[in-house]
Amino acid sequence: RTLRELIGDPARREPLSAEGRERARWFAERLQRGEALRAGLSLGAWIRECWLLIDGPACLAGPDELRQAEGYFVELDGLARNADLDDPAALTGNFAHASLRAVPRQAGVELMTIHKAKGLEFDVVIVPDLQRTVRGGERPLLYWTPVATGPGRRGIVLASRGEQDGAGGADELERWMRRLAAEREALELGRVAYVATTRARRELHLLGSTRTRWTDDGPELRAPPSGSLLRFFWPVLRQEFAQALAARAATGPQEGRAADGRRRLSAPPLMRLPAAYSLPEPAAPPRLPALRITGEPEGSIRPEFDWAGTIAQAVGQVVHLELHRLARLGLPRAALAPRPQAWRRALLDAGVDETHLPAALARTRQAIAGFAGSELAGKLLDPSATEAVSELAVTMVSDGVVQSLRIDRSFVDPDGVRWIVDWKTSAHEGGDREAFLDNELARYAPQLRRYAQAMHALDGRPQRVGLYFPLLDAWREL
């Protein structure tokens, strides 16, 4: 009303300019459109619609203010239910005590069944697959239906599945019950259709398809299957489908029927090949190289200890597992402590018998003590080293062989050098200790070179590759 007065009263003390009068007229027209939206909306929702009509969101600085505005509309609905809003002063006081919450309006797509949508409304409703039907149940053994038997009295009619002359056909009572059930299903379909079409505030989209059949006059629509929503809507929607079919026939490819009844395209494109044309020979498929999968290349045998036997192999296995456990837990080498019970079980699992178990335990304890007391071992087992890893499994292809390798220890030192370490629990009893270590290095050199080749392919850093002997606290580098 104030806007109309501003527009229509040129004698006001502060007359509007031509631009101001045009803006006021624009606002008045928009708000007049908003008045028509009042029916069926809550107060907050109605004010929100009017606010959108006059481009209210354009006045906001960002998402935070938009959330506050949405919170205002929600709070307005709450006050409308619990307070008197006729007095502007009372309204202002109510909002002064209200806790405005930024409650954003949820927008998006909700997927639900028609039955679940009962009692709800949406701006846009899409009902797809109208041609779909509910799969019919099997022929029941027993039919029943309530019937009126008199004023204020009701009863139940029961019918079993009828048989006629042993042919399995339905008798008259069963056919009546089935017709009754079909009528009820049709009425229920109408109720479902009513719910589906009355959930939309602004837009309703009904999507469906139907088949066509060919006649002498061209394609003709077939009625949708019984029990589908499209069949219920067919009296109204049939004309829409007919127009779409006619438009397609006018613009799309012309189809027809051959003499045998099969569908064919009229005037197919004719393609000719040269008279001397012959099919080319098929290209031979590429032959992939045959790779042999092995842990070691052919002709290479993993070196054995010169005193190797069941005890030595079992001790080496237990020591490797113990060091891997230390690395996995991120513990320093000082955390290596005797674990005789665990070692005993592991040695027995590795095949050591009770007779040789004391000797195997003693050698395991000696090897672990060598790691725990060695400064060099502490450097090799430093848990804070860069890219430190234990029992690293690597697969590479070398000389046509897929090789599976397992590196005992690898890390990168502060100088950026990649260390590759192999633990060896070899023991030497006798003279010329240095010659023994050099001989062991030569024995394991092919294995160490394969480790170096695999790791160089991974990161390309400079390398230091060698063996560490905990029983001798010795390091030999390749």
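Pro383 is in contact (heavy atoms within 4.5 Å) with Gly330, Leu331, Pro332 and Arg409, leaving aside residues up to four places away in sequence. This is a predicted model, in which local features need pLDDT of at least 70, side-chain atom pairs count only at pLDDT 80 or more, and totals for chains, interfaces and linings use all residues. Residues are numbered from 1 along each chain as its sequence is written, and side-chain values use heavy atoms, with hydrogens and water left out. The chain contains twelve helices and 14 strands; these are DSSP runs numbered from the N terminus, helices being H or I with at least four residues and strands E with at least two.

**The chain as a whole**

- Of the 478 residues, 30% count as buried, where buried means under 20% relative accessible area, exposed means over 50% and partly exposed lies in between, with a 1.4 Å probe and protein chains only.
- Among contacts with a separation of 6 or more, 58% are accounted for by residues 24 or more positions apart.

**Helix 6**

- Helix 6 covers residues 172-197, and its 26 residues should span 38 Å at 1.5 Å a residue; the expected span is 1.5 Å times one less than the number of residues.
- The end C-alpha atoms of helix 6 are 38 Å apart, which agrees with that expectation.
- The buried residues of helix 6 are Glu174, Met177, Leu189, Gly190, Val192, Ala193, Val195 and Ala196.

- Two packed helices are described by the angle between their axes and the distance between the axes.
- Helix 8 (residues 310-329) packs against helix 9 (residues 340-349) at an angle of about 130°, and their axes are 9 Å apart; axes are lines fitted to C-alpha atoms, for helices over the stretch in contact, and angles run from 0 to 180 degrees between N-to-C directions.
- That angle makes helix 8 oblique to helix 9, given that angles under 35 degrees count as roughly parallel, over 145 as roughly antiparallel, 65 to 115 as roughly perpendicular and the rest as oblique.
- Helix 8 passes helix 9 in a right-handed crossing; a crossing is right-handed if the near helix is turned clockwise from the far one by less than a right angle, and left-handed if anticlockwise.
- On the helix 8 side, Ala314, Val315, Val318 and Glu322 meet Trp343, Ala346 and Leu347 of helix 9.
- Between helix 9 and helix 10 the packing angle is about 125° and the axes are 10 Å apart, and these two helices are therefore oblique to each other.
- The crossing of helix 9 and helix 10 is right-handed.
- Helix 9 contributes Pro340, Trp343, Arg344, Leu347 and Leu348 to this contact, and helix 10 contributes Leu357, Ala360, Leu361, Thr364, Arg365 and Ile368.

**Residues in helix 10**

- Thr364 lies in helix 10 (residues 357-372) and is buried, with a relative accessible area of 0%.
- The side chain of Thr364 reaches the backbone oxygen of Ala360 at 2.9 Å, which falls under the definition of a polar contact: a pair of N or O atoms within 3.5 Å, where within protein one must be able to donate a hydrogen and the other to accept it, and residues adjacent in sequence count only if both atoms are side-chain atoms.
- Leaving aside residues up to four places away in sequence, Thr364 touches Val315, Val318, Val319, Trp343 and Leu347.
- Ala372 is also found in helix 10, but is partly exposed at a relative accessible area of 25%.
- Ala372 and Ala337 are 35 residues apart along the chain, and their C-alpha atoms are separated by 8.0 Å.
- With residues up to four places away not counted, Ala372 touches Arg333 and Leu336.

**Loop residues**

- Ser228 sits in the loop between strand 6 (218-221) and helix 7 (229-251) and is buried, with a relative accessible area of 0%.
- A polar atom of the Ser228 side chain lies 2.7 Å from the backbone oxygen of Pro225.
- Ser228 touches Leu130, Gln131, Arg132, Thr133 and Leu189, not counting residues up to four places away in sequence.
- Pro383 is placed in the loop between helix 11 (375-380) and strand 10 (386-398) and is partly exposed, with a relative accessible area of 40%.
- Pro383 and Leu331 are 52 residues apart in sequence, yet 6.3 Å apart in space, C-alpha to C-alpha.

**Positive phi values**

- Glu391, in strand 10, has a positive phi of about 50° although it is not a glycine; Glu391 is buried, with a relative accessible area of 18%.
- Asp473, in the loop between strand 13 (463-469) and strand 14 (474-477), has a positive phi near 45° and is likewise not a glycine; Asp473 counts as partly exposed at 40% relative accessibility.
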